[in-house]
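Subject: Structure handover and notes

Dear colleague,

I am passing on the structure that we talked about, together with my notes on it. Please read the notes with the structure open beside them.

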Amino acid sequence: MLPTTSVSSRSQGNGVLSPRDAARHTAGAKRYKYLRRLFHFRQMDFEFALWQMLYLFTSPQRVYRNFHYRKQTKDQWARDDPAFLVLLSIWLCVSTVGFGFVLDMGFFETIKLLLWVVFIDCVGVGLLIATLMWFISNKYLVKQQNRDYDVEWGYAFDVHLNAFYPLLVILHFIQLFFINYVIISDSVVGYFVGNTLWLIAIGYYIYVTFLGYSALPFLKNTAVLLYPFALLIMLYLISLACGWNFTKMLCSFYKYRVK
């Protein structure tokens, strides 16, 4: 069920938060509350997080609709429950172990791969992309008449996690069933299947990212976030014409990194 508590009860008569409530809504206070809940699993709503993961594939607009409800009820766009992050981390670990198994890696090589994927591919790249999108959206996409509003960095990171999850499932789970028997073979079918999965995965990432920022009513011209689709399709067609196999390149890179 969606929360229905009104924020008006936390405000003073003139519509301004009291000093005590304002302190609770600072970025530091929100961050502390979020990190504290990481160690209290009973306070996490895993059922709702699973619901979000399902709808990120079938209807991602519904996921961002809930972010609107959170803003109305808790006065923040970013998640205050780390359940989604915890489930994503578990899924990341399981899928990476499966990737190591498919590539015939040993135990320690798989551990190295897991550390690389978690701290570089997910966290490191995620922090970089979230910070870049946070800067761009606040610098260029905020409406002039609404300069009092800004994009929360936590929300930018949430958008990255939302977009990263479908990409992870497609490239680190669905693709596993085709790697050894189809994709890494030196054939047209191999790089066609592999590159098409990359096209779908990155396309999902771009689209879910666009939905995340277009859901914020104080941003303008968010359609520019769809422009990378043109470059993506162009790169896809060039890869097919040149016989590039992105999955084979990724497997070779992973094997090189764990040596």
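Predicted model: local features only at pLDDT ≥ 70, side-chain atom pairs only at ≥ 80, totals over all residues.

Residues are numbered from 1 along each chain as its sequence is written, and side-chain values use heavy atoms, with hydrogens and water left out.

Overall fold

The protein has 11 helices and zero strands, where helices (H or I, at least four residues) and strands (E, at least two) are DSSP runs numbered from the N terminus. Of its 259 residues, 42% count as buried; buried means under 20% relative accessible area, exposed means over 50%, and partly exposed is in between, with a 1.4 Å probe and protein chains only. Among the contacts with a separation of 6 or more, 74% are between residues 24 or more positions apart, a contact being heavy atoms within 4.5 Å.

Helix α3 has 13 residues and reaches 19 Å from its first C-alpha to its last, close to the 18 Å expected at 1.5 Å a residue; the expected span is 1.5 Å times one less than the number of residues. The buried residues of α3 are Ala49, Gln52, Met53, Tyr55 and Leu56, and they pack against α4, α5 (83-102), α7 and α9.

Helix α4 (residues 60-74) has 15 residues and reaches 21 Å from its first C-alpha to its last, close to the expected 21 Å. Its buried residues are Pro60, Val63, Tyr64, Asn66, Phe67, Arg70 and Thr73, and what covers them includes α3 (46-58), α7 (153-172) and α9 (188-214). After α4 comes Asp75, whose phi is positive, near 60 degrees.

Two packed helices are described by the angle between their axes and the distance between the axes. The axes are lines fitted to C-alpha atoms, for helices over the stretch in contact, and the angles run from 0 to 180 degrees between N-to-C directions.

Helices α3 and α7 pack at an angle of about 75 degrees, with their axes 10 Å apart. That makes α3 roughly perpendicular to α7, in a scheme where angles under 35 degrees count as roughly parallel, over 145 as roughly antiparallel, 65 to 115 as roughly perpendicular and the rest as oblique. In this contact, Met53, Leu56 and Phe57 of α3 meet Asn162, Tyr165, Pro166, Val169 and Ile170 of α7. By class, the contact of α3 with α7 has seven nonpolar, one polar and no charged residues; Ala, Val, Leu, Ile, Met, Phe, Trp, Tyr, Cys and Pro count as nonpolar, Asp, Glu, Lys and Arg as charged, and the others, Gly among them, as polar.

Helix α6 (residues 107-141) packs with α7 at an angle of about 135 degrees, with the axes 9 Å apart, and that makes α6 oblique to α7. On the α6 side, the residues that meet α7 include Val117, Asp121, Cys122 and Trp134, and on the α7 side they include Trp153, Phe157, Phe164 and His172. The residues of the contact of α6 with α7 divide into 10 nonpolar, four polar and one charged.

Single residues

Leu171 lies in helix α7 and counts as buried, at 5% relative accessibility. Leaving aside neighbours within four places in sequence, Leu171 is in contact with Phe99, Leu197, Trp198 and Ala201. Leu171 and Gly194 are 23 residues apart in sequence and 9.1 Å apart in space, C-alpha to C-alpha.

Lys248, found in helix α11 (residues 246-257), counts as partly exposed at 32% relative accessibility. With neighbours within four places in sequence again left aside, Lys248 is in contact with Ile184 and Asp186. From C-alpha to C-alpha, Lys248 and Ile179 are 8.4 Å apart in space, although 69 residues apart in sequence.
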